[in-house]
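I set out to record what I looked up in this structure, entry by entry. The notes below follow the order in which I consulted it.

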Amino acid sequence: MESERNSEKMSKQKRERNVLAFTGATALAVIAVNFAITAFKRRHKKKDLQGSIVRVNLSASEILKLADKIVSKSKEVHDAVASVPLDKVTFMNVISPLAELEAQQFPLVQSCVFPKLVCTSDDVCKSSAEAERKIDAHMLSCSNREDVYRVVKAVAATGEWVSPEAKRYIQSLVRDFERSGLNLTISKREEVQRLRDQIDELSLQYVRNLNDDKTFLLFSEADLLGLPPEFLKSLDKAENGIFKVTLKSHHVAAVLELCKVGRTRRLVAVAYGKRCGGINLSVLESLVELRHKFARLLGYSNYADYALDLRMAKSSSKVFEFLEEISASLTDLASRELMMLKDLKRKEEGELPFGIEDLLYYVRRVEELQFDLDFGAVKQYFPVNLVLSGIFKVFQDLFGLRFEEVLDAVVWHSDVRVFSVFDLSSNDLLGYFYLDIYKREGKYVHTCVVALQNGALSSTGARQIPVALLISQIQKDIVGHPSLLRFSEVVNFFHEFGHVVQQICNRASFARFSGLRVDPDFVEIPAQLLENWCYESFSLKLISGFHQDITTPIKDEICKSLKRRRYAFSALKLKQEILYCIFDQVIHSADNVDIVELFKHLHPKVMLGLPMLEGTNPASCFPRSAIGFESACYSRIWSEVFAADIFACKFRDGLLNQRVGMQFRNNVLAPGGSKEPIEILSDFLGREPSIQAFVDSRAECSL
């Protein structure tokens, strides 16, 4: 007994040493130092994570074997469900097996798929990609199983709802089958598939055309005045020493933002807007026509109604109303911003007219004049380990959580760290997250969160816990040179940790509604909300400290400038984004639209009289409308508007108010996709969401 007590005491002490449950800013410096220690003494035996069936560190052959098992098990369950006689169907013999299959197989599927994002082995990456193709092909075949659709539809007809969430789950199954055309005749179903294949090919062709474009422009060094020497060194040169500027986005953005020569900016902007003009215009016209045909075969009046049926907005009329209300509310502010830019151009370049190609350059010039911000100096206050420890503190304090590092967990690289997440009051294990944030050759280059295992409730009442992975590409500390984050990277980390908490804190009963598997218009709202903490002095000081003396937080003046700069010229920038969103919505909700004339009409109307650049055709180089966001380009603004409303209403006056944070965790994050998003937000706010806070926030920070 004595040895057991000693063992328990030692175990408790070890847990306490690993806990990152911060209680105040005074502890932050010590925590940051502790966070920076990566040379842990690890035992030889590695631990699996209790409650996680995610498999990490699989070999290439193991990935392919697991993919085969996934397909085999899925087919077995679907066959069993399909064999239930229509007069014998129940929730337990049809719906429950499908729900449990989803919950159990999702982490196994992710075990096969996520290695291609993080692994440096070519064989493993190839096997991961092959496994994904194999599993995707099987999932597509499952979505076309008429025999399974019939029995699911029979259950729906009985009205046997175990719970409101179960009803929603059954309805989503029926809806997905019918969006694949299974309620149609065989000939119409074949036509749906033929159209889908054509749409997929044209979408890819549109993007391929842009990627294959090799156009470049030739400029002298004088033509590129204002661009930094390192940019010029990166450019290829023609035989006569003239610089080649391609139409790739990183070249174009640099010229439009930094080049002092107006003629050069205009030439580059015109060439960029002419890319693939003839061929992609034809592709987009065919694409839109096929999408409308596809949607009408499935019973929708147009493609926008088909796309929006799965989103908060629900209808194109609602999207138009939303965009027009935002645009109208920002017109006065955008007009003042445009006048300021025109005045500055007049001072610097004379009476030359202000064009759309001048927007980025003069926004940057005004920011240089108005804000005393040296981002190189700002970066000195954001050593990566201190930022992470500060983010941990904010998220734990706000949402009533406790993070504890799991030492000796099985991982795929020595840089990877694993954390358990506990409820602070009950000490219940809520989930896990992996951090794979340091730069590695062959790794996915962007910062993102991947759901590895979704939460779910089994038929026996046991809860499957969620698991998340945060990937980034941050430079590791080098002796004498700590890894420092740009401010934009700090904001990005806050955003992505919002997704981590969203994944971990979900309590939906069905894996289909868990974590990040929510309405596409809703999924970004929590992460967009949490970005606000990066612009408030109180929270900025919690996540910052001068790298040579981390007890010295960021200065108040810098905090104020960062907040003011956040929305500088935001009304004018949003007008430009709204222009493209309206274009996207029009072409997908109406027939026989003249795409070229539509842009010519919309551009001056939305952009306060600024005309489209002569000879350009934005529709030919707007990939968001061709693939991925067709009829949904508005969604980023939508989520930002509602996030602003939540912040102003609930959090602005109490950044670490745990009572409000727990309400958000329990009433917004926990339901996930199990309830209508508008219902979730309205219940939390105590009213319908509003655009007013979004508009006000821009006006408050206007120059």
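**Entry 1: Arginine 311**

I began with the contacts of arginine 311: setting aside neighbours within four places in sequence, I found Asp519, Pro520, Asp521, Ala632, Tyr634 and Ser635. I note that the model is a predicted one. Arginine 311 sits in the loop between helix 14 (303-308) and helix 15.

**Entry 2: The nonpolar cores**

I next looked up the largest nonpolar core, which has 167 residues. Those with the most contacts inside this core are Phe382, Phe395, Phe433, Phe497, Trp533, Phe583 and Phe651. Which helix gives the core its largest share? I found that helix 15 (residues 316-349) does, with eleven residues. The core lies between domain 2 (214-274) and domain 3 (378-566 + 635-700), because both give residues to it. A second, separate core has 27 residues, among them Ala82, Ala99, Tyr169 and Ile170. As background, I noted that nonpolar side chains tend to be buried together in soluble globular proteins.

**Entry 3: Phenylalanine 382 and valine 384**

I listed what phenylalanine 382 touches, not counting residues up to four places away in sequence: Val387, Ser483, Leu484, Leu485, Phe487, Val490, Leu540, Ile543, Ser544, Gly545 and Ile554. I then turned to valine 384, which is found in helix 18 (residues 384-399). Valine 384 has a relative accessible area of 1% and is therefore buried. Leaving aside neighbours within four places in sequence, I recorded contacts of valine 384 with Ile437, Tyr438, Ile474, Asp477, Ser483 and Leu485. For valine 384 and isoleucine 474, I noted a C-alpha to C-alpha distance of 8.2 Å against a separation of 90 residues in sequence.

**Entry 4: Helix 23**

I checked the span of helix 23 (residues 570-587), which has 18 residues. From its first C-alpha to its last, helix 23 reaches 26 Å, close to the 26 Å expected at 1.5 Å a residue. How many residues of helix 23 are buried? I found 14 of the 18, so helix 23 is largely enclosed by the rest of the structure.

**Entry 5: Strands 1 and 2**

I examined strand 1 (residues 216-219), in which the side chains alternate. Strand 1 pairs with strand 2 (residues 243-246) in the antiparallel sense, over four bridges. Opposite phenylalanine 216 I found threonine 246 of strand 2.

**Entry 6: Annotated regions and glutamine 193**

I consulted the UniProt record, an unreviewed entry, which lists a "coiled-coil region" at residues 185-212. In the model that span is 96% helix and 0% strand, and its end C-alpha atoms lie 40 Å apart. Glutamine 193 has its place in helix 9 (residues 186-212). Glutamine 193 is partly exposed, with a relative accessible area of 23%. I also noted that glutamine 193 and phenylalanine 294 are 8.9 Å apart in space, C-alpha to C-alpha, and 101 residues apart in sequence.

The UniProt annotation "domain: Peptidase M3A/M3B catalytic", also from an unreviewed entry, covers residues 258-698. Over residues 258-698 I recorded 52% helix and 9% strand, with the end C-alpha atoms 25 Å apart.

Key
Residues numbered from 1 in each chain as written. Predicted model: local features only at pLDDT ≥ 70, side-chain atom pairs only at ≥ 80, totals over all residues. Heavy atoms only, no water. Core = buried A, V, L, I, M, F, W, Y, C linked by side-chain atoms within 4.5 Å. Buried < 20%, exposed > 50% of the residue type's maximum accessible area, 1.4 Å probe, protein only. Helix = DSSP H or I, 4+ residues; strand = E, 2+ residues; numbered from the N terminus. Domains from an automatic or database assignment. Contact = heavy atoms within 4.5 Å. Pairing = 2+ DSSP bridges. UniProt positions renumbered as here; feature names shortened; annotations may be inferred. Expected span 1.5 Å × (residues − 1).
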